[in-house]
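Hi,

Here is the structure I promised to pass on. Have a look at it first, and my notes come after.

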Amino acid sequence: MTKKATPSADAPVLEVRGLHKKYHDLEVLKGVSFSAPRGKVVTFIGSSGSGKSTLLRCCNLLELSHAGDIFFQGEAVAWKGDGIRRQPASKAQVIAMRTNLSMVFQQFNLWSHMTVLDNVIEAPVTVLGHPREEMRTKGLHLLDKVGIADKADAWPSQLSGGQQQRAAIARALAMEPMAILFDEPTSALDPELEQEVVRVIKALAEEGRTMLLVTHDMRLARDLSDQVIFLHEGRIEEEGAPEILLEHPKSKRLQQFLSAGAVT
Ligand SMILES: Nc1ncnc2c1ncn2[C@@H]1O[C@H](COP(=O)(O)OP(=O)(O)O)[C@@H](O)[C@H]1O
Ligand SMILES: [Mg+2]
C-alpha cells in the first residue's frame with residue numbers, strides 16, 4: 001500500500017529548476033524553471049514541439065530528465081547516476097509523485113476493457129489499497145461531480161469524447177492528488193464537447209486545486225491561470241500573469257504565436 005505524502009507547510013507542490021531533457025541528440029528541454037504554488041494554476045503555451053508534453057511528463061517522472069532539480073512539496077527528487085544515465089533513486093518517491101501528480105491526457109487514455117466506474121476506482125484500489133466498496137461510493141460521487149453519474153456502468157466506447165474526458169478527470173481526482181497535470185485536455189474534442197470539459201476544469205480551479213495546464217485554448221489560459229508560461233524550443237521565452245502576457249506580449253515569438261491563430 002502506498003502512503004500519500006503529507007503536505008509540507010508552504011512549499012510549492014512542485015518546483016522545477018534548470019530542467020534539461022534530451023531524446024538522443026535532440027535537446028527538448030534546455031533549462032526550464034518554474035514553480036507551482038499550492039492552489040494555483042500554471043499554464044504552458046507554445047507551438048507544437050516546443051516541449052510542453054515532455055515537461056509535464058518529466059515533472060511526474062513519467063519521463064527521465066538529464067539535469068536540473070525537481071522538488072515535490074519542498075523535497076528534492078533524489079537521483080542516482082548523472083546526465084542521460086540518471087534515474088530516480090527512490091522507488092517510493094517515484095510512486096508518491098506519480099500518484100500525487102495525476103495526469104489527464106489529450107486522448108483520455110481510459111481502459112477500454114473496464115467500465116467507467118472501474119476506470120475511476122482501479123488505481124486507488126490497486127495502488128493506494130483503498131477498499132473497493134468504499135471507492136465505488138466515492139467513484140460514483142466523483143462521476144456525479146463531473147456530470148456523468150449515469151454512465152458509471154457504461155464502457156468508455158459508449159461515451160462521447162467530452163464524457164470520456166470527464167471520466168478521465170474523475171479518475172485523476174480519485175487519487176486525491178496534490179496537483180492535476182492536464183496535457184491539452186480539450187484538443188481532441190469538437191467545440192461543443194470542449195465546453196463541457198472546460199466547465200469541469202474551471203470548477204476545479206475555483207475549488208483551489210493546484211493544476212498544471214497545457215493548452216492551445218488561449219481563452220481558457222486567460223480565464224483560469226495564475227501564471228502563463230510560453231515555451232519556445234525548450235526554453236521559457238516569456239512568463240507572467242495571463243492578462244499581461246496574453247494581451248501585452250513582449251517577445252516577437254510570443255506575439256507571432258498569439259497572432260498565428262491560437263484560439264482566443
Ligand atoms: N518519445 C520521444 N522520442 C523522441 N522524440 C520525442 C519523443 N517525444 C517527443 N519528442 C520530440 O520532442 C520535441 C518536443 O515534443 P513535445 O514535448 O511532445 O512537444 P509539445 O507537447 O510542445 O508539442 C518534439 O520535437 C518531439 O518530436
Ligand atoms: Mg504535447
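Below is what I found, taken part by part.

One thing to keep in mind is that this is a predicted model.

Let's start with the sheet. It is open, has 4 strands in the order β2-β1-β4-β5, and its pairing is antiparallel. At the edges sit β2 (26–36) and β5 (75–76), each of which pairs on one side only. Further in, β1 (residues 14–23) runs antiparallel to β4 (residues 67–72), and 5 bridges link the two. If you want a spot to look at there, H20 stands opposite A67 in β4.

Next, the helices. The axes of α3 (residues 116–126) and α4 (residues 132–145) come within 9 Å and cross at roughly 130 degrees, so the two helices are oblique to each other. The crossing is right-handed. On the α3 side the contact is made by V116, L117, V120, I121, P124 and V125, while α4 brings in R132, M135, R136, G139, L140, L142 and L143. By type, that contact has 10 nonpolar residues, 1 polar and 2 charged.

Finally, ligand 1. Which residues are around ligand 1? They are Y23, L26, V28, G46, S48, G49, S50, G51, K52, S53 and T54. The shell divides into 7 polar residues, 3 nonpolar and 1 charged.

Cheers

How values were computed: Residues are numbered from 1 along each chain as its sequence is written. Chains are lettered from A and ligands numbered from 1 in the order in which they are written. This is a predicted model: local features need pLDDT of at least 70, side-chain atom pairs count only at pLDDT 80 or more; totals for chains, interfaces and linings use all residues. Two strands pair if DSSP finds at least two bridges between them. Axes are lines fitted to C-alpha atoms, for helices over the stretch in contact, and angles run from 0 to 180 degrees between N-to-C directions. Angles under 35 degrees count as roughly parallel, over 145 as roughly antiparallel, 65 to 115 as roughly perpendicular and the rest as oblique. A crossing is left-handed if the near helix is turned anticlockwise from the far one by less than a right angle, and right-handed if clockwise. Two residues are in contact if their C-beta atoms, placed from the backbone, lie within 7 Å. Ala, Val, Leu, Ile, Met, Phe, Trp, Tyr, Cys and Pro count as nonpolar, Asp, Glu, Lys and Arg as charged, and the others, Gly among them, as polar. A residue is near a molecule or strand if its C-beta atom, placed from the backbone, lies within 6 Å of it.
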